[in-house]
Amino acid sequence: MTTRATTHAKPILSARGIVNRFGKQVVHDKLSLDIVPGEIIGIAGGSGSGKSVLLKTLTGLHEPNAGEVLLNGKAVQSIGAAEKAALFGVLFQQGALFSSLSVAQNIMLPMREHTALPAAEQEQIAAMKLALTGLPAESGIKFPSALSGGMVKRAAFARALALDPKILFLDEPTSNLDPIAASGIDTLIRQLNDSLGITVVIVTHDLTTLFTICGRIAVLVDRKVTVDTADKLMKSDHPWIHEFFHGPRAEGAMNARKTSHGN
Amino acid sequence: MTSAPANKQQASADPFRPTVVVSGDGDRLVLAGALEIVTLAEARNSLKKWSKPGPSRSLNVAKLDSLDTPGALFLCGLKDKGVELTGIRAEHRALLDLICGLDLKPLPKVESVPHWRQIIIQLGKGAHDARHEVLDIITFVGRAASWTVNALIHPASLRPASISRHVTETGINALPIIGLMAVMIAIVIGYQGVAQLRPFGGEDFTINLVAVSVLREMGVLITAIMVAGRSGSAFTAEIGVMQTREEVDALKVMGIEPMQVLVVPRVIALVITLPLLTFFADIMGLIGGAAIAQFLLDVSPVQYLTRLPQVIDGSDLFVGLFKAPVFAFFIAIIGCMHGLKVSGSAESVGRETTRAVVKSIFLVLVLDAFFSILFEKIGI
């Protein structure tokens, strides 16, 4: 694996003492998480363990009841809109492509808003992003309603990459995809991390994604987070983590990992 | 590879004022700084004069601190024009290889149709759609009527719980707003009547004007339009959301006819509530008339009540109430029909809801005009 993370680098994004409460239900209790530049980190956890809330908290879309999220040492809530657009790229679970715009217009929207590039050049860059995410140029003029599930994910990926963000957040990038499309997305994530050095945060249930491309895995259990490499988490004696990494599905994913590491 | 994160951090230390500098002269130039999306225009301008073709041009990029994908695309473009890139840093190599290796095609152009042709195409489409709409309505009205009659013949298949829920939602919950609107419309008519009739000394006839127009037309029209906007749209949205979640398909698979469980209870409920709401609107309209009489004509409520039977008779009330169930039937049918037309996406729920409201209000007014002519001919 060629993830670029250096083990003791200063964190690019760090969550400190996050508390999230909905009514009486506490989802996160003084949770802390450091993300180092250039790594691919997976966030895993059972349904309702607050993965999506954590992602929203990290991106500043949800304000936690207590604690803070720092981006390069600066509170994420205080970062300006243009700066945030250049730093963060988010792939939402359903794609969140704007249905009134074509795919190319979707990709060009952040460029139009935050750069002064002429339209022809924006189109050129949009075509490049499409090719980068493995979409044919013809799909650029299509509208999101005419795309298949896998194409929506790729188009949303291309839009998340529009301004070459430093950190890419992916919410379930492989859910609802067939295995071929899903492994295509996995390859794409790794390729972008290798060539661009983008830090990637993936929220996923997909064990294959967790095992094959994530350098570290953050498991959300008991309202806290346990972060380690897959190998070390396998040896954890926490019952939920043990079950997660040793269930019948985990075995198959481990085999996939061996295959991909053999390459 | 290990030097990459350090480089990235350096670039992100002040990422919002990155600059790119072109130095050197002749065929050998040096590019330094950050070649990113924000500096791309600057780099292109600096290199513009250099664009004359020459065989031995080279660009040194060793001093480039950061490079993003648009920057790499720009460098690949130069490379394609015969410029040799020298001193490429290891961490930029992978990115350049990736971007230069892409099979880039320009975005296809959207075919543009001349304006005059667009108008003709729109007209043709409109006529075609209108024909289909009419056929759809006729078919659906037929099916819904047949299912409703079927349900009335076999009362066991009626769903009283569902009907009573819709009666509550479309009827009882609508009472306050409909009462208020009826009072308001009576006041509007009253003021106009007084203003127009006073020069002729006939302002007393305002009472006739308000009472007759509320009972014959305004009461039922206001109620029907309100119900179309309030409940017809709700029918479309409810059934439409069920359609997007495949709940309607689930019913069909279970051998339950959506017409019977979704459409018939709504039609029956609305046919029950709209006449009742209309009667309520009539009463409230007459109360509004009493207020006008008191404040503009100095006619006390008691006098007003004694005058009412002289100016109106049963047929005025009947004409208004007779129309209500007919309007109700069509409002419910159109609402349900558009709900079942929803296909998959969430935006089609919004589109169909708008169509349902527009179409049902249109149909209410068309039917009202038809009734006006009919009652005139038969002399009621």
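## Chain A at a glance

Chain A carries 10 helices and 10 strands, where helices (H or I, at least four residues) and strands (E, at least two) are DSSP runs numbered from the N terminus. A word on the basis: this is a predicted model, in which local features need pLDDT of at least 70, side-chain atom pairs count only at pLDDT 80 or more, and totals for chains, interfaces and linings use all residues. Residues are numbered from 1 along each chain as its sequence is written, with chains lettered from A and ligands numbered from 1 in the order in which they are written.

The C-alpha atoms of chain A fill a box of roughly 55 × 45 × 35 Å along the principal axes. Of the contacts in chain A with a separation of 6 or more, 69% join residues 24 or more positions apart; a contact means C-beta atoms, placed from the backbone, within 7 Å.

## Where the chains meet

Here 35 residues of chain A are in contact with 31 residues of chain B. On chain B, α1 (4-13), α2 (40-46), α3 (69-80) and α4 (90-100) each give two or more residues to this side, and α1(B) gives the most, with 5 residues.

## A helix pair in chain B

Now to α12 (residues 314-341) and α13 (residues 346-378) of chain B: their axes lie 9 Å apart at an angle of about 155 degrees. That makes α12(B) roughly antiparallel to α13(B), a label for angles over 145 degrees. Among the residues that meet are B:F327 and B:F330 in α12(B), and B:L363 and B:L367 in α13(B).

Technical notes. Contact = placed C-beta atoms within 7 Å. Axes fitted to C-alpha atoms, helices over the stretch in contact; angles between N-to-C directions. Parallel < 35°, antiparallel > 145°, perpendicular 65-115°, else oblique.
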